[in-house]
Amino acid sequence: MDNLGLLADGLGAALTPENLMYAAIGVLLGTFVGVLPGIGPAMAVALLLPVTFGLEPTQAFIMFAGIYYGGMYGGSTTSILLNTPGESSSVMTAIEGNKMAKKGRAAQALATAAIGSFIAGTIGTLLVVFFAPILADVAVTIGAPSFFAIIVFAMVLVTSLLGDARLRGFISLFLGLTFGLVGMDLNTGQPRLTFGRPELGDRLDIVIVAVGIFALGEALWVAAHLRRKPLEIIPVGQPWMGKDDWGRSWKPWLRGTAIGFPFGAIPAGGAETPTFLSYILERKLARKKDEFGHGAIEGVAGPEAANNASAAGTFVPLLAMGIPVTATSAVMLAALTSYGIQPGPQLMTDQADLVWTLLASLLIGNALLLVLNLPLAPLWAKLLAIPRPYLYSGILFFASLGAYAASQRAFDIFLLLVFGMVGFMMRRFAFPVLPLIIGVILGPLMETRFREALAISGGDLSALWSENLAIVLYVLAALVIIVPMVTKRRRPASGDDVTGGPGGRSDDGSDAVDATDEEKELVQR
Amino acid sequence: MSTQTVDPAAPAATSQDRAQYGVAALLFAIGAYTLYDATTLTVGFADPVGPKMFPYAIGGAMVVLSLLLVVATARGDKPEAEGGEDVDLTHPADWLTVAKLIGVLLITIATVNWLSWAISGAFLFAGAAWSLGSRTLIRDILVGIVMSVGSWYGFYVGLGIPLTPGILDGIL
């Protein structure tokens, strides 16, 4: 109950009229940017990061929480009304959501998505309140070898479970690790991979990397393949739900929350898997099974809740260990560090009031999202019709402004362009983005822990597996790599491992189906 | 279940995505340069690991992965390019538009400190809109000026961050 008291203090600190205004601005800006086609939550957060420069940490967090939830909700609005999800976590929402919209039930689809997101986000944030301090208490006691093992484990999970071919995942990861090397070596101060540029000495700014890869990469990619005929946009009225819709939605919301949160809390590769599992589960449990595939409200309610609960869950490893597991939380980490806050085991004790303010802000942002966005939905839908040259020019404009404003160096816009081209290449050759971002962020942290562990042992490599937790994690990481290889060999029909994109995707799908039964048992318990 | 829903890659297996060899070459170069760069570092005292080990491991892995990509490409691996709301993959890539955008960005980079964000930003917006097919030049420039001057004042007044005024020093 102590945690709730601290949360109440956090709410007290966050709930002033001025802060509520910042939260409202954040929600509106986040939704505005998130609704724009082609912009997912990670990109929305990265693009809007400069807006919070110069604010006090508390106000910046509150605005940030609004941007975060607004961006997430904006993304699902786009996928319901356009049937072309901006990011992988909205794929499942788009399936049933767009069918509902086509049947004239766009208002109900948006309503169940919004209310489901609110419920899942609120429950998820409350679960973070309970789990993050517990995990942080444990995390404080573990040594550098285990910490190193945790990072290795997180990287293996993110790279392997994300779908697509593993080779591409590992290429992305190591590309990210290479970018993470750029800059001054922490121990000796020697420049690495800086090409003699002093601007590169203090490491790459993760915001520039993220905005380059997400925003500029996307803009360049779209420019190369711009759709010549306009998309069909479904008009929408005021979101509302009938009694029947409520009856059919509330269980999927709760089940989606139960599935989504653990996937976010353990580093298991973002919201793609839990939204998929939630969709499968709702299809199995639905009373009107034949409605699935033709716009079943359960198929929107469940995955949307799972998506948001998983997003909330990512705050557990982020706050307690400083480990981001999704692209969005990676950008959040970058934002937190720009306020001099270094997430990690110490954070919960050293800067407890800031953490509780942040968590309280998440609750406030979530609530405001519901209040503001249900009435504003018809307005947001109009944004989908924005002329494409203006939309992508605007993205280029704000991406460059964000990169330039931080330290007013033209060189930073150049770096942005370089990472934009990397992002373009990754889209063309189907390299997943998340492992790269994780590599850039966790690479330096990993090296620090590695050198810490070996400094204690005097260079003896066996120090790396000197702790039991580390051994367990290495075994699990090895299993994650080996088991799919073995099962693939046992079932050669399920796809040749060099078929690339489509093959990798279908393998992931069948793995996930196998996991559904376990997941269902968990849910029933 | 989804195996059936995805098109079998069998007919495509005979052709190769040759551009992917280029990617492999680039990755190989990155890995090799990382390894070379690591050799220029010196290991300090009382530092059992030193700054070299991670670059060696990462660069080495990159080289191995680039070779694996060559093997996979030779065996018919084909990437599935990313779709999206505004992406139409049925047409070949429009390189001219991409080149124009990169050119606009490079000009912006070259001029921003001299001409100030207010001018270069407006150029960036209008130039990018023109590259992407907008043909209402006057309107694009006006929108660009409103956005860049607006963001300059937004940063200055709202956030207290003065962006370099450049040649407009004293005017803004």
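This is a predicted model: local features need pLDDT of at least 70, side-chain atom pairs count only at pLDDT 80 or more; totals for chains, interfaces and linings use all residues.

Reply: Residues are numbered from 1 along each chain as its sequence is written, and chains are lettered from A and ligands numbered from 1 in the order in which they are written.

Me: How are two packed helices described?

Reply: They are described by the angle between their axes and the distance between the axes. Here, the axes of helix α16 (residues 388-407) of chain A and helix α4 (residues 95-131) of chain B come within 7 Å and cross at roughly 160°. Axes are lines fitted to C-alpha atoms, for helices over the stretch in contact, with angles from 0 to 180 degrees between N-to-C directions. Angles over 145 degrees count as roughly antiparallel, and α16(A) and α4(B) are therefore roughly antiparallel to each other.

Me: Which residues of α16(A) and α4(B) make the contact?

Reply: Two residues are in contact if their C-beta atoms, placed from the backbone, lie within 7 Å. Among them are A:Leu396 and A:Phe397 of α16(A), and B:Leu124 and B:Phe125 of α4(B).

Me: How many helices and strands does chain B have?

Reply: Helices (H or I, at least four residues) and strands (E, at least two) are DSSP runs, numbered from the N terminus. Chain B has five helices and zero strands.

Definitions and conventions: Angles under 35 degrees count as roughly parallel, over 145 as roughly antiparallel, 65 to 115 as roughly perpendicular and the rest as oblique.
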